[in-house]
Amino acid sequence: MPQVAIVMGSKSDWPTMAQAAKMLDALGVSYHAQVVSAHRTPTLLTEFAETAADKGYQVIIGGAGGAAHLPGMIAAHTHLPVFGVPVRSSQLSGVDSLYSIVQMPKGVAVGTLAIGEAGAANAGLLAAQVVALHDENVRDAIIQFRQKQTADVLAQPALELPE
């Protein structure tokens, strides 16, 4: 049973949100990904959010561009933690999405990540960290991931001036 749900407002958001999936894969966390539009499929959004806990999800990652209501509307319909990823838009480069997701009213929390692929990857990492609170295998995978990051940086050669 998937531990994390990755939802996005449009199929065009998948190249960004796939970074969350890749991070979850690398850390051994199962997930389900699907399109759930806040504006075009509002009934599906409500059903998804209200049944997410019953389906075994522990965390929901919601990615959206433009008006970016998806993560907030999901959070309004579930007690599960929701992490929002602002997807870069052509009009305002994702700043509109960031403002929309980060400005939640008091009492409806959405943890907001950075715009674009880095935010999606970190949403996957953060979701894995939540799962790791009760899963030693995922905890160990995160520790190994962090150790590898450190080793990779330390293994870099000294910097030299370009010729």
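Trainee: Against which elements do the buried residues of α2 pack?

Mentor: The partners are β1 (4-8), β2 (31-35), β3 (59-64) and α3 (70-76). Packing is read from contacts, a contact being heavy atoms within 4.5 Å. Buried means under 20% relative accessible area, exposed over 50%, and partly exposed in between, with a 1.4 Å probe and protein chains only.

Trainee: Before going on, what kind of model is this?

Mentor: It is a predicted model, in which local features need pLDDT of at least 70 and side-chain atom pairs count only at pLDDT 80 or more, while totals for chains, interfaces and linings use all residues. Residues are numbered from 1 along each chain as its sequence is written, and side-chain values use heavy atoms, with hydrogens and water left out.

Trainee: Which residues of α2 are buried?

Mentor: Helix α2 covers residues 42-51, and Leu45, Phe48 and Ala49 are its buried residues. They lie on the same side of α2, because they cover an arc of only 90 degrees around the axis. That arc is taken from the directions from the helix axis to the C-beta atoms.

Trainee: How many helices and strands does the chain have, and in what order do they run?

Mentor: Elements are DSSP runs numbered from the N terminus: helices are H or I with at least four residues, strands are E with at least two. The protein chain has 6 helices and 5 strands. Their order from the N terminus is β-α-β-α-β-α-β-α-β-α-α. The radius of gyration of the protein chain is 17 Å, close to the 15 Å of the globule rule for 163 residues, so the chain is as compact as a globular protein of that length. The radius is taken over C-alpha atoms, and the rule is 2.2 Å times the number of residues to the power 0.38.

Trainee: What share of the residues counts as buried, and what share of the contacts is between residues 24 or more positions apart?

Mentor: Of the 163 residues, 41% are buried. Among contacts with a separation of 6 or more, 67% join residues 24 or more positions apart. The C-alpha atoms fill a box of roughly 55 × 40 × 30 Å along the principal axes.

Trainee: Where is Gly119, and is it buried or exposed?

Mentor: Gly119 is in helix α5 (residues 117-132) and is buried, with a relative accessible area of 0%. Leaving aside neighbours within four places in sequence, Gly119 contacts Val85, Leu113 and Ala114. Gly119 and Gly63 are 56 residues apart in sequence, with 9.5 Å between their C-alpha atoms.

Trainee: What does Thr16 touch?

Mentor: Thr16 belongs to helix α1 (residues 14-26) and counts as buried at 12% relative accessibility. Residues up to four places away in sequence are not counted; beyond them, Thr16 touches Val85, Val87, Gly116, Glu117 and Ala120.

Trainee: Where do Ala68 and Ser93 lie?

Mentor: Ala68 is in the loop between β3 and α3, and Ser93 is in the loop between β4 (82-86) and α4 (95-102). Ala68 is buried at 4% relative accessibility, whereas Ser93 is partly exposed at 40%.
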